[in-house]
Amino acid sequence: MINDNLHYKGEPTNSLEVTDSPHLDRQKNESFGQALRKNLFGNKKNTVLTVLTGLFTVFVLYQVVSFVLENSWDVVYIHLRLLMIGQYPLEELWRLWFGLYYASLMIGLTWGLWRGAGKAVAFTFGAVYLAFAAVPWTTLNTSLNLAACIGLIAGGYVLGGKVDRLKIPVLVLWGLYFPLTIGLIMGFGGLLDPVLSRYWGGWLLTVILASVAIIGCFPLGILLALGRRSSLPAVKYVCIAYIELIRGIPLIMVLFIGQLLIPLFLGGQTVMDNVTRAMIAYVFFAAAYLAEDVRGGLQSIPSGQFEAAQALGLNKVKTTFFIILPQALKAVIPAMVGLFITILKDTSLVAIIGLADFLGTARRISNNPEYLGRYLELYVFVAAFYFIFCYLMAYVSRYLERSLSKGSR
């Protein structure tokens, strides 16, 4: 039996491309309208399903449009700044705009240089920028800054498409993006006026927590996975104990432990704010789950790969990092991205320890007596933001999986 998801594209080749994207069954020399009619109305069953699906889609769209048009969204746009950046000082907003300019230029360059999933990322960010710039309640200054971000995406795309030599510099700039942006937001350790983390909030805090957790857990999770497979009993059982202990307790408990025990370990001389403690807790929690995903990928590698590496004279370190680990990571891309999406959504739990993340800020606004009963608009806005970025991560994951599967069987 042949899987419908495995099909050739274009001219037949010796490689097989795996894709999960829907496609229209279309014969050669058949018009799009004829193929559409054959697939949707080819028999009675398809006709009934097409009509019912169309009616349900129209009903859902009608309800969504009615909800958007009939409800008052003033509770959102009045508190939009609070939802997006918390209490970050107005006079220091240029730091956040610089980070957004930086990211927009990099997204455009990535799209121009590598095409592929960069197009979806660029269009998603561009659509979000355009939506916020076009709504009536956005200030002129914000609209101009968002228009500049769209221009940087377009300019980066054009530049990347013409100058192929920029690939290595762009990769370096992406590697520097997070430390430079976080340093700028915090004040570079005193070079600029410091902005304490207690002023961070809303979507800004959510993105920072998720980014630190994802970036920090990746190397730690790989080391834990390799350590669990180590032949040294001390390393192996320490890694097993850590992974099973963290996986056996809920994230909320880890957050509370981080808030209470980290200051005790550091002593009274070192002061660490609540946001940094939460970052550490998320990193160590996510690393345990990532370690199990990577270990599953390592176990999926056939023994012939190890034997071939030994035949080439590679030692264990080179075999692991150049032969085995890349194949293992490719095999577990869906699981890793699923974990990263979960991390992004689980940042909402920091509201329990007193931090005002995106959802926590919306909850605080809804508790205002002036907006009692107006929580639905807030939660729809928050859910839409989470959905956009979670779906974007899933799309990029599917693209990477398809592109890395080319030529494999």
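Which residue meets the side chain of Glu244 in a salt bridge? The partner is Arg228, with an N to O distance of 3.1 Å. The legends below refer to a predicted model.

**Figure 1. Overview of the helical chain.** The predicted model contains 17 helices and zero strands. Along the principal axes, the C-alpha atoms occupy a box of roughly 70 × 65 × 45 Å. The chain comprises 409 residues, of which 38% are buried. Its accessible surface amounts to about 23,900 Å², with carbon and sulfur atoms contributing 67%. Of the contacts between residues at least 6 apart in sequence, 72% connect residues at least 24 apart.

Figure 2. The side chains of Glu244 and Arg228 are shown with their N to O distance of 3.1 Å. This pair links distant parts of the chain, with Glu244 in helix 10 (residues 233–247) and Arg228 in helix 9 (residues 202–228), 16 residues apart. Glu244 is classed as partly exposed because its relative accessibility is 39%, a value that falls between the limits of 20% and 50%. Arg228 counts as buried because its relative accessibility of 15% is under 20%. Through shared partners, salt bridges join Arg228, Glu244, Glu292 and Arg295 into one network. The structure holds five salt bridges.

**Figure 3. Salt bridge between Arg95 and Glu92.** The closest N and O atoms of Arg95 and Glu92 are 2.9 Å apart. Both residues, Arg95 and Glu92, are buried.

**Figure 4. Asp164 and its salt bridge with Lys167.** Asp164 is located in the loop between helix 7 (140–162) and helix 8 (167–186). Its salt-bridge partner is Lys167, and the closest N and O atoms of the two residues are 3.7 Å apart. Is Asp164 buried or exposed? Asp164 is exposed, since its relative accessible area is 52% and the class begins over 50%. Lys167, by contrast, is partly exposed, with a relative accessible area of 29%. The C-alpha atom of Asp164 is separated by 35 Å from that of Leu223, a residue 59 places away along the chain.

**Figure 5. The largest nonpolar core.** In soluble globular proteins, nonpolar side chains tend to be buried together. The largest nonpolar core of this model has 90 residues, and those touching the most other members are Tyr88, Trp200, Phe358, Phe381 and Phe385. Helix 12 (residues 274–299) makes the greatest contribution to this core, giving 14 residues. Which residues does Phe385 touch, not counting those up to four places away in sequence? They are Met84, Val128, Phe132, Trp203 and Phe358.

**Figure 6. A nonpolar patch on the surface.** The patch is formed by Phe32, Leu36, Leu40, Phe41, Val48, Val51, Leu52 and Leu55, which together have about 730 Å² of accessible area. Helix 1 (32–41) and helix 2 (44–70) are the elements that give two or more residues to the patch. Leu36, one of the patch residues, lies in helix 1.

Notes
Residues numbered from 1 in each chain as written. Predicted model: local features only at pLDDT ≥ 70, side-chain atom pairs only at ≥ 80, totals over all residues. Heavy atoms only, no water. Patch = residues over 30% accessible without salt bridge, like charges linked within 9 Å, V, L, I, M, F, W, Y side chains within 5 Å. Areas by Shrake-Rupley, 256 points an atom, 1.4 Å probe, with all protein chains shown as cover. Salt bridge = Lys/Arg side-chain N within 4 Å of Asp/Glu carboxyl O. Helix = DSSP H or I, 4+ residues; strand = E, 2+ residues; numbered from the N terminus. Core = buried A, V, L, I, M, F, W, Y, C linked by side-chain atoms within 4.5 Å. Buried < 20%, exposed > 50% of the residue type's maximum accessible area, 1.4 Å probe, protein only. Contact = heavy atoms within 4.5 Å.
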